[in-house]
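Visitor: I would like a close look at a single part of this structure, and then at a sheet with the helices packed on it. Please take them in turn.

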Amino acid sequence: MHLGRGEVWLSDLAFLIHGHAPGTFRPTIRRYSKLVHPEDRDRIRAVLKQAIRGDIDDVQTSEHRIVKPDGTVAWVHTETRIHRGGKGRGRTKRIFGTIQDITAHKRVEEELRASKSVSDRANQLKSEFILGMSHELRTPMNAILGFAQLLDADPDLNADQRENVQEILKAGDHLLELMNEILDLSRVESGKMELATVTVDCEVLAQECITLARPLAEPRGIRLECHVEETPRALGDSLRLKQVLVNLLSNGIKYNRPEGRVDLHVRPQGGWVHMEVSDTGYGIPAERQGELFQPFNRLDHTEVEGTGIGLVICKRLVEAMGGTISVQSEPGRGSRFCVRLPRAYPEQAAAGMAMAPEYTREPPRTQGTVLHIDDNPGNLRLMQRLAARLGEVELIGAATPSLGIDLAVAYHPDLILMDLHMPGINGFEALHTLRRMPALQDTPVVALTACASRDDIHRGREAGFDGYLTLPLNLQEVLDTVHHHLRDGSRPAKSA
């Protein structure tokens, strides 16, 4: 292309790419620009003007559309080299370049984008379905596990009855574990799993994980040992790291030999902290180790209770924390899983983890008035039964938010427990209404809901709830919450 003369030279292949037989017209800059798609023409002209003024680099690449004589639109890739006259940058005199038809490549890109869009939509619908099902399943699970916990605390049960209740609790806990793991997998796959990166005291965390795994090991005669070197600290999400290690310890116990052993080794190495869980189990053949991190693949161990997705979640959680997880195993000699996370140093703040209490048979005695607002009759009955164990506590139930607000105005309760999703106004709107009433604005309100994700809990705290309890309820947590707000009759006297 000679800018001074307005001339353009096209090779035979360039003519063909533009849909013309070679030499069928005399190309000029003006004629050539008309071959460019109208929607791309201004952009190409702007680049050409910059090149003439000498405002751009000597080598330029571009992708744009062209229109062939039959109306067909094609994509081309051009690479041009600018030749300037005189010394220095100067004005552009000639532009030399190559052109390549990339229509097929662009078509593949568009198909991939469309496919990704469909896939993203399918994943979104799947995540929404799983979240909805989680919410719907937690409500009946609350009745199953809640009333079973009440029965388990009954001292009048005989041995057979207590064994039956334990079976219900065991099956309910397993179903809840399955629900939570499917929900976790969905969040990780959709990128909605939020991690709180803090400095983790790995020695404290390791001991907590051993404590949590011990009840599973003792009935099987499995020895658990913890070995920690130099009190290392790692960067990660403390709660999720505990989830990973407990899962690995549980697997080491479940797939072990009778009277076997599981060891947790924690040690720093360079800029990393290594956490290794080794067992004396039967091991995994090398050709099947690649299947370990596939969802719902249990390597034919159907006789052992499990979901088949725990290791998948572990892998994705560890990688999301900037670490790696690997496995070494040999049939007949056991397996070793190694989690590696970035190491934290003394100048970085530390964070600890609190362990959830277990349900006790002798809750603290307390007194006061509790208003429970919930449209689910089963949840209302469960709280009524639990209130009988709280001492001099008067429990008032309300099946709708509007009735609950009226009862709050009439009785001035010491504590309000409230569901979030109810007909009419929801729990957030009801809370806002209560906070605008001078006589009730200081009354503690605790959410009691099946919305159990970290985002849900954060939203509840931000809205002003004084506590957030999720279904299925841990009855000890409910007892502790009620006792905390009513203890020692410390609430101020109610005004008339």
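How many residues does helix α13 have, and what does it reach from its first C-alpha to its last?

Guide: The model is predicted. Helix α13 covers residues 475-486, which is twelve residues. From first C-alpha to last, α13 reaches 16 Å, close to the 16 Å expected at 1.5 Å a residue. At the N-terminal end, α13 is capped by Asn474, which has a side-chain oxygen 3.0 Å from the backbone nitrogen of Gln476. Gln476 is also one of the buried residues of α13.

Five strands form an open sheet in the order β5-β7-β8-β10-β9, and their pairing is mixed. The edges are taken by β5 (223-228) and β9 (324-330); each has a single partner strand, so one side of each is left without a neighbour in the sheet. On average, neighbouring strands here are turned by 15° against each other, direction ignored.

His227 stands opposite His265 in β7.

Two helices contact these strands. Helix α6 (residues 202-217) lies across β5, β7 and β8 (272-279), and runs at about 175° to β5. Helix α7 (residues 238-254) packs on the sheet and touches β5, β7, β8, β9 and β10 (334-342). The direction of α7 makes about 25° with that of β8.

Technical notes
Residues are numbered from 1 along each chain as its sequence is written. This is a predicted model: local features need pLDDT of at least 70, side-chain atom pairs count only at pLDDT 80 or more; totals for chains, interfaces and linings use all residues. Side-chain values use heavy atoms; hydrogens and water are left out. Helices (H or I, at least four residues) and strands (E, at least two) are DSSP runs, numbered from the N terminus. The expected span of a helix is 1.5 Å times one less than its number of residues. Buried means under 20% relative accessible area, exposed over 50%, partly exposed in between (1.4 Å probe, protein chains only). A polar contact is a pair of N or O atoms within 3.5 Å; within protein, one must be able to donate a hydrogen and the other to accept it, and residues adjacent in sequence count only if both atoms are side-chain atoms. Two strands pair if DSSP finds at least two bridges between them. Axes are lines fitted to C-alpha atoms, for helices over the stretch in contact, and angles run from 0 to 180 degrees between N-to-C directions. Contact means heavy atoms within 4.5 Å.
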